[in-house]
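My plan was to look things up one at a time and write down what came back.

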Amino acid sequence: MLHDLSSGRAYFLTRPGTARIWHVPDSTALGSGSWVVLAPPGWDGLLRWVSGPCDGPAFTEAEDLVTALAMASLRGPAEEAGR
């Protein structure tokens, strides 16, 4: 997972083809013709790896990501602000 500190966006790497079947509210799948800049490991800029591709599996499984996003949407902004 990459975190863009300048925009507050998070990027998850999923298996090729996921964008064609991705229909999750409040998220956008970047598919063919899109690109994301990947920071080198250890980079200390505005784009940072939260968990790099060398830290585990190269891709986040789409089903796991859907579950995580659903759980995150259940948490209200007030709960997040308190963390």
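The entries below run from the overall fold to single residues.

**Entry 1: the model.** I noted at the start that this is a predicted model.

**Entry 2: fold.** I looked up the secondary structure first. The protein has three helices and three strands. I then read the elements in sequence order and got β-β-α-β-α-α.

**Entry 3: dimensions and surface.** I checked the extent of the C-alpha trace. Along the principal axes it spans about 35 × 35 × 25 Å. The accessible surface comes to about 6,500 Å². Carbon and sulfur atoms account for 58% of that surface.

**Entry 4: burial and contacts.** How much of the protein is buried? Of its 83 residues, 13% are buried. I also looked at contacts between residues at least 6 apart in sequence. In that set, 67% join residues at least 24 apart.

**Entry 5: charges.** I counted 6 positive and 9 negative side chains. The centres of the two sets lie 2 Å apart.

**Entry 6: salt bridges.** How many salt bridges are there? The count comes to two. I took them in turn.

E61 pairs with R15, and their closest N and O atoms are 2.8 Å apart. This pair links distant parts of the chain, with the partners 46 residues apart. E61 sits in the loop between strand 3 and helix 2. R15 sits in the loop between strand 2 (9-11) and helix 1. E61 has a relative accessible area of 29%, so I logged E61 as partly exposed. R15 is at 44%, so R15 is partly exposed too.

R48 pairs with D44, and here the closest N and O atoms are 2.9 Å apart. R48 has 36% relative accessibility, so R48 counts as partly exposed. D44 is at 64%, so D44 goes down as exposed.

**Entry 7: a nonpolar patch.** Which residues make the nonpolar surface patch? L30, V36 and L38 do, over about 240 Å². I followed up on L38. L38 is in the loop between helix 1 (18-21) and strand 3 (47-49). Its relative accessible area is 46%, so L38 is partly exposed. Patch membership needs over 30% relative accessible area, and L38 has 46%.

**Entry 8: backbone at D26.** I looked at phi next. Most residues other than glycine have a negative phi. D26 has a positive phi of about 60°, although it is not a glycine. D26 lies in the loop between helix 1 and strand 3. Is D26 buried or exposed? D26 has a relative accessible area of 85%, so I noted D26 as exposed.

**Entry 9: S51.** S51 has 35% relative accessibility, so S51 is partly exposed. I then took the C-alpha distance from S51 to P41, ten residues away along the chain. The two atoms are separated by 9.7 Å.

**Entry 10: loops, collected.** The loop between helix 1 and strand 3 holds D26 and L38.

Conventions. Residues numbered from 1 in each chain as written. Predicted model: local features only at pLDDT ≥ 70, side-chain atom pairs only at ≥ 80, totals over all residues. Heavy atoms only, no water. Patch = residues over 30% accessible without salt bridge, like charges linked within 9 Å, V, L, I, M, F, W, Y side chains within 5 Å. Areas by Shrake-Rupley, 256 points an atom, 1.4 Å probe, with all protein chains shown as cover. Salt bridge = Lys/Arg side-chain N within 4 Å of Asp/Glu carboxyl O. Helix = DSSP H or I, 4+ residues; strand = E, 2+ residues; numbered from the N terminus. Buried < 20%, exposed > 50% of the residue type's maximum accessible area, 1.4 Å probe, protein only. Contact = heavy atoms within 4.5 Å. Lys, Arg positive; Asp, Glu negative; His and termini not counted. Charge placed at Lys NZ, Arg CZ, Asp CG, Glu CD.
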